[in-house]
Amino acid sequence: MRKALRMARLKRGKGRTGNKGRFYKKSLIMLLLVASIPGLITGALVYSMAGGRLEKELLHSHNSQIEQRAKNMDAQLTNLELLLSHWAFDSKFDYGLGAKDFKQDFSIAHDITKTLVVMQGSNTMNKVVGLYLQGGPSAVLFEPEYGTLGTDAEEAVYDELLQTKQVTFWTEAAFDPKRPQAKDLTLVHHVPGGSLRPFGMLFIRLDNERVVDMLRTMTPYEGGSTFFLQQNGAMIASTTGNDRESSFTAALREQIAAKDTQGGSFFFEYGGMTYTVTYGTFSRIADNWTYVTASPISSITAPVVFISKIIFGVSLSALLLAALLAWLASQRIYSPVGRLMAVLMEDRPYMQEKEDEFTLIERQWHHLSRESLELHAKLSEQLPYVNESFLHQLLQGHLYAYSEEELLSRMERYKWRLQGHEFVVLYVQLTGMASLAGKFKYGDEGLVTFAAVNMLEEFAAKHFKQSKAINFHDLSAGLLIAFPSDSDCKAELEAFREELTNAVNRLLNMRLTIAASERTNQITQIPLAFEQVKHAASQRDFGSDNQWIDIDDERQTAAPGEEEPPYPFALERELVQALRAGQETGAYELLHSFLEALSYKGAKEAHVQQGMLQLLGSVQHAMLVSGIKPTRLFKCVNMYEQLSQIREPALIVAWFRERVCEPFLRELGERSGAGAKRLIEQAMIFLQQHYMKDISLDHCADHIGTNPFYLSKTFKQVTGKNFIDYLTELRMDKAKELLRESTLKINDVAEQVGYQHSYFNRIFKKLEGMTPSRYRELSNSE
């Protein structure tokens, strides 16, 4: 490390300027000034002689470009006028539209919409191309799709444009009465074209941003302004947007009003700046527009200044290069001592010191030695934290790219003595947060884990010479232990387990599950051992208290034919049906019963978690069937990941109720009224009690006192399924239950669920993808 510091300082010192004394500094500054004066004079002369002529040429070119861009702009606006006039005289916009009912004659409305869409896409400046028709019971507006006006205020805006004497004209109008300041530049043409009694109008609303962009092409400089004036003096478009009546714009309009000519250019002084102003006119329909553009001269002549600066810079650089060569030659004399002083003194000035360089070198060397010792001490203090971070990455498998030798070298660097040693990994898991007698509540996982890890380290230091605990901050921790290869660690592990368990039970009122890995003599096998003990901990008895799991013992005593507890399909179906019907109390009772069934007779934690995850999938499927998207309801949260992290029954029930059931029931309640839910609940109860009989929609509607149409519609809204689909699903579920749990013949099963034998086989195979006999065979084999 010290060698690296010295190399870094040496590199910085090589790039620094050596110091020789005050006289040397003054002489060097004088030489640089004298060498730079000719270059400065040359640059100034070039700028003064060539700058003025180039400025005139640039201004002339600027005015010519503006005139050309004004012609292009005039051509664009003319094309818009010709386009709108062409369509206004088209036969599809004649008097026949006034008597049309567009709701019935939807093909005509569709044709008009297509025409308006084509017109709208013909020019990039078009924001909306619309058609307004005044005849009929209510005004009709195509923008470009068919619609009606919502308020009288909106209709008044279009009526005002329609009642003008001009057949076609340009205007600025606010089409939203709530936003009178939001005006669009609009071209209007009455329809039918040439008629003295127009009943509607075609209009093109231009995109304000595109209009501003078009105007800015005439002044592509910062600080300028461009706008259009109508013949009556009103401003109709401007690059300044809503700030049209600024003092700058008002002063500029006064200057132009004072001119007798219809076009030209002049200089304009305002706010301490000089602007070049170009203006001209072009004819619009029934009007003449004046375009005005003002650009600061400083922006136009910026290339001249830039070129002059380049000339000046090149001249100055050539002179400085000669001075630099002389300076570098003088530096060689003092370079060895200067580099050494630069490395030792770093960025501190030293030529003002009264002592000589070698005394300063000696003093600085002692200072750096003391700094090195202090850094070494700080590194020793931080070593345990670095060691913990390294072990955390090792257990998680993030160091898989390292070889055994590289990992061994790093662990020895962290003070591990590993010659002739083997490793054991322990995984410690805390449970009991939901216990009423616990000292902690939900949300204190980090605090509880911290306290448990402190105990873990204390007892590990007492029993083992080399060990390190890793805090996972989620009610779990890891412990890496290094044993001599010739020692038996089982007795020591047993004593450690007893003391740690008693301490955690007594002080934290929590329960412990400890899983111990096999012994391994390879560091690269530690991540695999850690994964094994984590998996072993997930196989703990779900209802037990403290547990000790030794992988060696588990493999020897594991029963090859151990059966998993049966999955409660009937409770799942009843719970899902209760949620669909909005039965909150019944759903929560069934949720408790479902978890109790999963946890029956010493079920493993992994089995219970898998069962709850299966239930979560079934509930989400019910949501999708009901037309509710789980991703929206749960705000894209990974519910499976959250549920898999919970290990205690009470917390699982609380989480499932709060995060799954309540949002589902609340969403269902918002989608359907209480009366409809009660009606469908009665229908579902009737179906569950009589599914084995010949039931129809009319029969069920008569039973609950409603009509078949309302029952069918409400049933779909509440459950998300059709009546017949729900009845078929209910019968199939009952049939599968009988096939799994009874020895009835297929004919008898069909009669039990209300089907004839032949039809039952066909519909079962269609829905399940296999025959009833094949389903029974697969169920029995599983």
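Predicted model: local features only at pLDDT ≥ 70, side-chain atom pairs only at ≥ 80, totals over all residues.
**Strand 13.** I began with strand 13, residues 466-471. Of its 6 residues, 5 are buried, so the rest of the structure largely encloses this strand. I then looked for its partner: strand 14, residues 476-484, runs antiparallel to strand 13 and is joined to it by 6 bridges. Looking across the pair, I found Q466 opposite A482 of strand 14. The hairpin has 4 residues between the two strands, and I noted a positive phi near 65° at H473.

**K468 and E457.** Next I turned to salt bridges, of which the structure holds 14. K468 makes one with E457, with 3.9 Å between the closest N and O atoms. K468 belongs to strand 13 and E457 to helix 11 (residues 445-463), so this contact ties together parts 11 residues apart in sequence. I checked accessibility too: K468 has 16% and counts as buried because the cut-off is under 20%. E457, at 31%, is partly exposed.

**E768 and K736.** Here the N to O distance of the salt bridge is 3.4 Å. The pair links distant parts of the chain, with E768 in helix 26 (residues 757-768) and K736 in helix 24 (residues 723-741), 32 residues apart. E768 is partly exposed at 27% relative accessibility, while K736 is buried at 16%.

**R657 and E662.** I also looked up this salt bridge, which is 3.9 Å from N to O. R657 is partly exposed at 35%, and E662 is partly exposed at 31%.

**A network.** Which residues did I find linked in a network of salt bridges? They are K127, E143, D184 and R205.

Technical notes: Residues numbered from 1 in each chain as written. Heavy atoms only, no water. Buried < 20%, exposed > 50% of the residue type's maximum accessible area, 1.4 Å probe, protein only. Pairing = 2+ DSSP bridges. Salt bridge = Lys/Arg side-chain N within 4 Å of Asp/Glu carboxyl O.
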